[in-house]
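This briefing covers the fold of one protein chain.

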Amino acid sequence: MLSRRHFFLSGAAALISGRTLFAESLFTPPSVLTVYKDPDCQCCAKWAKYMSANGFVVNVQNVKDVDAIKRTMNVPTAMQSCHTAVVGAYIVEGHVPAELVKKVLTEKPGILGLAVPGMVDGSPGMEGARSEHYDVMAFGRDGKARVYAKR
């Protein structure tokens with residue numbers, strides 16, 4: 001039979017651990033996104049600010065040879081854009097919307113990364129007078145790509 005003291009200590013421990021689990025479920029640390037971009041590219045800087053405003057911790061690496069980064073990370077030529085980013089185990093190529101990056105980080109699909117090939121007007125960081133519809137592509141290590149989302 002539990003003594004009164006053991007009963008209260010057990011209850012207190014359960015309450016504390018319950019609060020800890022509750023607090024952990026409310027706080028998810030932000031994902032760190034490293035962006036490799038040309039130092040003179042303004043749309044890349046705008047995309048980095050957009051990602052920061054959407055909850056990512058953004059680490060900008062200005063590099064003169066972004067193509068070398070793309071080759072090192074196996075970004076297929078057809079998927080390439082102006083900047084390359086890495087978050088978790090994924091590559092983010094070009095002006096990919098933040099909510100899709102978050103979706104990939106949550107769902108953890110078996111892909112190498114996401115890409116918005118080229119420089120699409122209206123994509124994050126490329127806002128302006130015009131806005132085009134575009135596809136966000138998922139690509140694998142084998143270089144094959146498929147439409148992940150339409151915008």
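In what order do the strands of the open sheet lie, and what is the pairing? The order is β2-β1-β3-β4-β5-β6-β7, and the pairing of these 7 strands is mixed. The model is a predicted one. The chain holds 4 helices and 7 strands, and along the sequence they follow the pattern α-β-α-β-α-β-β-α-β-β-β.

**Whole chain**

- Of the 151 residues in the chain, 38% are buried.
- Among contacts with a separation of 6 or more, 54% are between residues 24 or more positions apart.

**Sheet**

- The open sheet, with the order β2-β1-β3-β4-β5-β6-β7, has β2 (57–62) and β7 as its edge strands, each of which pairs on one side only.
- From one strand to the next, the twist averages 25°.
- Helix α2 packs on the sheet and touches β1 (32–37), β2, β3 and β4. The direction of α2 makes about 175° with that of β1.
- Helix α4 also packs on the sheet, where it touches β3, β4, β5, β6 and β7. The direction of α4 makes about 120° with that of β7.

**Strand β4 and its partners**

- Strands of a sheet pair through backbone hydrogen bonds, and the pairing is either parallel or antiparallel.
- β3 and β4 run antiparallel and are joined by 4 bridges. V87 stands opposite Y90 in β4.
- The two strands β3 and β4 form a hairpin with 2 residues between them. G88, in the turn, has a positive phi of about 60°.
- β4 and β5 run parallel and are likewise joined by 4 bridges. The bridge partner of G94 is V116 in β5.
- In β4, 5 of the 5 residues are buried, so this strand is largely enclosed by the rest of the structure.

**Helix α4**

- Which residues of helix α4 (residues 98–107) are buried? They are A98, L100, V101, V104 and L105.
- K108 follows α4 and has a positive phi, near 55°.

**Enclosed space**

- Rolling a probe the size of a water molecule over the atoms shows where empty space is left.
- How many cavities of 30 Å³ or more does the count give? The count comes to 1 cavity.
- The largest cavity holds about 40 Å³ of space.
- The lining of the largest cavity consists of V87, Y90, I91, V92, V101, V104, L105, G113 and L114.
- β4, α4 and β5 each supply at least two residues of this lining.
- V101, V104 and L105 line the cavity and are buried in α4.

How values were computed:
Residues are numbered from 1 along each chain as its sequence is written. This is a predicted model: local features need pLDDT of at least 70, side-chain atom pairs count only at pLDDT 80 or more; totals for chains, interfaces and linings use all residues. Side-chain values use heavy atoms; hydrogens and water are left out. Buried means under 20% relative accessible area, exposed over 50%, partly exposed in between (1.4 Å probe, protein chains only). Two strands pair if DSSP finds at least two bridges between them. Axes are lines fitted to C-alpha atoms, for helices over the stretch in contact, and angles run from 0 to 180 degrees between N-to-C directions. Contact means heavy atoms within 4.5 Å. On a 1 Å grid over the protein atoms alone, a cavity is a set of points where a 1.4 Å probe fits but cannot get out, and a pocket is an open set with protein on both sides within 12 Å along at least five of seven lines; lining residues have an atom within 4 Å of a point. Grid points are joined across faces, edges and corners, and a volume is the space filled by probe spheres set on the points.
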